[in-house]
Amino acid sequence: MNMAERLYQIVETEPRLNHAGSKATADIAKIAGRIGFQNVMIHMDSDSPSRFAKFQRQVVYFRDWRKAGKEIPDHSIVLLQHPFHHRQLIRNKTLYNLKERGVRFICLVHDVEKLRAFRYNDYYEHEFQTMMDLADVIIVHNNVMKGWFIKQGFDPKRLVTLQIFDYLQGKQEYSMPHFDRSLNIAGNLDTIKCKYISQLGQIAPVKVNLFGPNFNEDLKKYANINYHGSFPADEIPYRLTDGFGLVWDGDSIDGCKGKPGQYLRFNNPHKLSLYLSSGLPVVIWSKAAEADFVIKNKVGICVDSLYQLQPLFDSITESDYQRMCQNVRQVRKNLISGHYGKTALRSALEMI
């Protein structure tokens, strides 16, 4: 049996939802498929909260995991995307059984709920421990997260860093963004979840363009804030055509405070990938783990506080902006082709 014949990946399907939450996992599955990982499907036909729908989901999960255990041969290599967000009958039993049959696991981390903190509970604690038990290699976001996993006791020789999440898209040609001293924010605009968004009126006259669901109508009173609507993950790159993308989170515009903000110290936010794949340079919190990526690739500016933006923007010339855009162009080429995921997966296969 050659390598290509023994590579498998667990791929979860979900009902079609109009948000970008599952794009990162879908992109990894596509990239893995390109290098020979065969899909083993776990279906979620409905997200209805009704008692019957929950029962029906578990029946399907039981069927699919039992089938997966039969489909995956002994001593093969299986890619898992962590964490699983839904309880699924016989999932862990099947995975541990495969482990006993000599199957080796590559686990690619999307989120560490223990680090994200505000969603952490007994379920995610168990999920994390299961990954640590099963994984032969773990693909983590960046060097900061790698250091954290080493502190948890995982062998540094079995850790691979992704660098940044890819953002596959159909738009291959590059269009230079228009020079504009403005910010773009794409994603969930819920001002309870992302409190800093409610404070963006305070950084006027810096112009802020908002894209996404859950827009707070109260923000219309600020002259510097413009709402442009909500768009699917594969369409939003076409809407981001000027200025900078903002990589920020948490309770304040004066530093990324609160648990969601502090998570930026460890994770690779998918928004960074969205903006760069759209061709935009970025503004990112200086203490974010991915600030190093931005500095190294010269694709944006780092700030401690959004209050620093106005004088910084005033000092940026059109030629400065175009230089950043040219650097973004090189990174974008990698992002839309799946370069980072492919490189990380190949490194993991060499380790295994």
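Guide: About 50 Å³ of space lies in the second largest cavity, where a cavity is a set of points on a 1 Å grid over the protein atoms alone at which a 1.4 Å probe fits but cannot get out, and a volume is the space filled by probe spheres set on points joined across faces, edges and corners. This is a predicted model, in which local features need pLDDT of at least 70 and side-chain atom pairs count only at pLDDT 80 or more, while totals for chains, interfaces and linings use all residues. Residues are numbered from 1 along each chain as its sequence is written, and side-chain values use heavy atoms, with hydrogens and water left out.

The lining (residues with an atom within 4 Å of a point) is made up of His82, Pro83, Asp111, Val112, Glu113, Lys114, Tyr120, Tyr124 and Phe128. Helix 4 (113-116) and helix 5 are the elements that give two or more residues to it, helices being DSSP runs of H or I with at least four residues, and strands runs of E with at least two, numbered from the N terminus. By class, this lining divides into five nonpolar, one polar and three charged residues; Ala, Val, Leu, Ile, Met, Phe, Trp, Tyr, Cys and Pro count as nonpolar, Asp, Glu, Lys and Arg as charged, and the others, Gly among them, as polar.

Methods: On a 1 Å grid over the protein atoms alone, a cavity is a set of points where a 1.4 Å probe fits but cannot get out, and a pocket is an open set with protein on both sides within 12 Å along at least five of seven lines; lining residues have an atom within 4 Å of a point.
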